[in-house]
Amino acid sequence: MGEAAAEHCSELALLLQNEHFGIRESAVVVLSGLLGTERGVHQLGRVLRMLEDSHPRVRWAVVKGIQGGACPEKALANNAQQVMDLMGNSDCGVRRTAQECLKEVIRLAVGQEKLVEAAAQDGNPLVCKCMMDVLKRLDQTELMTHMKSLGMLITNQDPEVRQQCADLIGKMGPIAAEGSGLLVELLHDKDARVRWAAVTGLGKMGSSASHHGEALRKLSQDGDAITRRAAMDALKRMAMQSHRSSEQNMDRYNPSWDVSSGTMSMHISMSGHRSMMGGMNGYNHGSMNIFNGGYDRRPQSSPGYMMGGFISPNNQYRQGSRRF
């Protein structure tokens, strides 16, 4: 049936000009179902032009047809500008259906980076919001491929677009450290919501954005109470992550040994602890047990002997010659 209908694409295209909206709607439905065929794909431009139709049912038939996903992604990307142009239409109904159609076009052809860049360059807030709605569905790795497009949006005239841009960059977290500079630019935005989103995004990046700490400290004196609180929270998160990272580095510290007069000592980190066991001084640090006169660098889970006593993994001293 589909192949037979595809042979009559030109006749169906003529029905798009019929005076009765029901016939135009039916023609859109049939042609939309043929967009995946070799002949039908060439009718995509005609189908998209029906977004300007005076009747809402015809316009929504176009949206539903595109949502069917039969049309090749490349063809959608090549015709996306036609839909973007409708965002400036004087009819709010046309703008609304064009907006929904563009969301679907970008979603289906999101792998086409040029399409996303074209939407970002368009400048029309409606176009940009369509793009944002689609990008929100992507994971962190997929979002990274569109960092260039996000960089174009931080100067958009609509504060909501700038705020959503900051939200998306922050969503990527530490892996988007290269985009932290974009968020710093938004820290000076005149809109408090945008500043708050930028501060929150930097906080999500954690210690990877700690070199912007001075800019955040200035925001802790911001005129907006919510932004001030977000700046302090971001600074606290960065400090905690930096401290945790420092502790991990100390735990991996390579001790230096000093041997003199038959005794052995070791410089250990502060995370080591000392225990007094039956007159024997010892340290237990990580996987190493150190005693006056000898040491064992094997993991605590490995078997070993120590005459006179030993330290078990739970740091209990026991008498006798035992395995530990």
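At roughly what angle do the axes of helix α6 and helix α7 cross? They cross at roughly 150° and come within 9 Å. This is a predicted model, where local features need pLDDT of at least 70, side-chain atom pairs count only at pLDDT 80 or more, and totals for chains, interfaces and linings use all residues. Residues are numbered from 1 along each chain as its sequence is written, and side-chain values use heavy atoms, leaving out hydrogens and water.

**α6 and α7**
- α6 covers residues 73-84 and α7 covers residues 92-108.
- The two are therefore roughly antiparallel to each other (angles over 145 degrees, between N-to-C directions, count as this).
- On the α6 side, the contact (heavy atoms within 4.5 Å) is made by E73, L76, A80, V83 and M84.
- On the α7 side are A98, C101, L102, V105 and L108.
- By class, that gives nine nonpolar, no polar and one charged residues (Ala, Val, Leu, Ile, Met, Phe, Trp, Tyr, Cys and Pro count as nonpolar; Asp, Glu, Lys and Arg as charged; the others, Gly among them, as polar).

**α12 and α14**
- α12 (residues 159-171) and α14 (residues 192-205) pack at about 5°, with axes 8 Å apart.
- α12 and α14 are therefore roughly parallel to each other (under 35 degrees).
- Their contact residues divide into eight nonpolar, three polar and four charged.

**Confidence**
- The chain's mean pLDDT (the predictor's confidence in each residue, from 0 to 100) is 75, and 71% of residues reach 70 or more.
- Over residues 253-324, pLDDT is below 50.

Conventions. Axes are lines fitted to C-alpha atoms, for helices over the stretch in contact, and angles run from 0 to 180 degrees between N-to-C directions. Helices (H or I, at least four residues) and strands (E, at least two) are DSSP runs, numbered from the N terminus. Angles under 35 degrees count as roughly parallel, over 145 as roughly antiparallel, 65 to 115 as roughly perpendicular and the rest as oblique.
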